[in-house]
Amino acid sequence: MSDTVKIGLIQASNDVHGDEPVEVHKEKAIEKHIKLVNDAKNKGAQIVCLQEIFYGPYFCSEQKSKWYDAAEEIPNGPTTRRFQDLAKELEIVIVLPIYEREGIATYYNTAAVIDADGSYLGKYRKQHIPQVGVGNEGHGFWEKYYFKPGNLGYPVFDTAFAKVGVYICYDRHFPEGARLLGLKGAEIVFNPSATVAGLSEYLWKLEQPAHAVANGYYVGAINRVGVEAPWNMGEFYGQSYLVDPKGSFVSIGSRDEDEIIIGEMNKKLIREVRDTWQFYRDRRPETYEEMTSLLP
């Protein structure tokens, strides 16, 4: 296995008005992202990550049961299967964030991880679920209406090219899970997101470089672009990036363009950083027990 791996991060706008049927959103967005994944492969990407719930708008801006119809089973749903075929064809790893339905009506914000031979390796379910208003129009990140908190822990997936962890959007504000992914051997952690200016932008280039440094791995941060009607609750400001274990930006995308951000991760650098900063050796978990008992 090579020490260098090309990473592709896909940021994109949603091209369909939110009032359109769910099926129209999914068809148009899936078609668009299949092309973008092919383009990423042509640029040399070996691992590709898409944005949070890539196949439609950020519908959590409102609270309507219409959007439950966007959810699918994982791995037995049609979108996971379609991208398994694509991963096999292109011989790339795909991190695929979609809306998951389990059983009759239990819903999660999930990312499936598909290996370069098309095999399904498993999934991560978003652990931290926000319920945050934005502006004065009643819009916001109303995710508790749509998602249960994840119940699968913090898995790390041993893919053909690297050991991959996933942390979805709001998760990035919580350092505990980021550390667990490092303890489980992640070499790169992807954070597919949907986040708007005026709320989180001042944190965008602070938190995840800090996770990369504190845990000695690469982070791929993905954010969509544009303003989505009819909610218009803010600008999704893009600027998806790959950051290395020193906290240095390897590559970064534009603020407002559909784009494939390509960056190279180097596993030798991970080892060099961890040999210099022995955070895993020097941590004191036996002194942290209060974290699980203190309230609030």
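On a 1 Å grid over the protein atoms alone, a pocket is an open set of points with protein on both sides within 12 Å along at least five of seven lines, a cavity is a set of points where a 1.4 Å probe fits but cannot get out, and lining residues have an atom within 4 Å of a point. This is a predicted model, in which local features need pLDDT of at least 70, side-chain atom pairs count only at pLDDT 80 or more, and totals for chains, interfaces and linings use all residues. Residues are numbered from 1 along each chain as its sequence is written, and side-chain values use heavy atoms, with hydrogens and water left out.

**Exercise 1. Describe the second largest pocket by its volume, its central residues and the classes of its lining.**

Step 1. The volume, meaning the space filled by probe spheres set on grid points joined across faces, edges and corners, is about 190 Å³ for the second largest pocket.

Step 2. Its lining consists of 15 residues, and those nearest the centre are Y170, H173, T195, L199 and S200.

Step 3. For the classes, Ala, Val, Leu, Ile, Met, Phe, Trp, Tyr, Cys and Pro count as nonpolar, Asp, Glu, Lys and Arg as charged, and the others, Gly among them, as polar. The lining of the second largest pocket then has 10 nonpolar, 3 polar and 2 charged residues.

**Exercise 2. Determine which helix supplies the largest share of the lining of the largest pocket, and describe how α3 and α5 pack.**

Step 1. The largest pocket holds about 340 Å³ of space. Of its 13 lining residues, P175, E176, R179, Y288 and M291 lie nearest the centre, and by class the lining has 7 nonpolar, 3 polar and 3 charged residues.

Step 2. Helices (H or I, at least four residues) and strands (E, at least two) are DSSP runs, numbered from the N terminus. At least two lining residues come from each of α3 (175–183) and α5 (207–215); the largest share, 5 residues, belongs to α3.

Step 3. Axes are lines fitted to C-alpha atoms, for helices over the stretch in contact, and angles run from 0 to 180 degrees between N-to-C directions. The axes of α3 and α5 cross at roughly 40° and come within 10 Å. α3 is therefore oblique to α5, given that angles under 35 degrees count as roughly parallel, over 145 as roughly antiparallel, 65 to 115 as roughly perpendicular and the rest as oblique.

Step 4. In the contact (heavy atoms within 4.5 Å), P175, A178 and R179 of α3 meet H211, A214 and N215 of α5. These contact residues comprise 3 nonpolar, 2 polar and 1 charged.

**Exercise 3. Describe the packing of α1 against α2.**

Step 1. Helix α1 (residues 22–42) and helix α2 (residues 78–90) have axes 11 Å apart, at an angle of about 20°. The two helices are therefore roughly parallel to each other.

Step 2. From α1, the residues I30, I34, V37, N38 and K41 meet T79, R82, F83, L86 and L90 of α2. By class, this contact has 6 nonpolar, 2 polar and 2 charged residues.

**Exercise 4. State how many cavities of 30 Å³ or more there are, and describe the largest cavity.**

Step 1. The count is 5 cavities of 30 Å³ or more.

Step 2. The largest cavity contains about 80 Å³ of space. It is lined by 13 residues, with S13, N14, D15, A29 and K32 nearest its centre.

Step 3. The lining of the largest cavity divides into 3 nonpolar, 6 polar and 4 charged residues.

**Exercise 5. Locate the cis peptide bonds from I74 to P75 and from A229 to P230, and the positive phi of E91.**

Step 1. Most residues other than glycine have a negative phi, and most peptide bonds are trans.

Step 2. The bond from I74 to P75 is cis, with omega near 10°, and P75 sits in the loop between β2 (47–49) and α2.

Step 3. The bond from A229 to P230 is cis, with omega near 5°; P230 belongs to the loop between β12 (225–226) and β13 (236–237).

Step 4. E91, although not a glycine, has a positive phi of about 60°, and lies in the loop between α2 and β3 (93–102).
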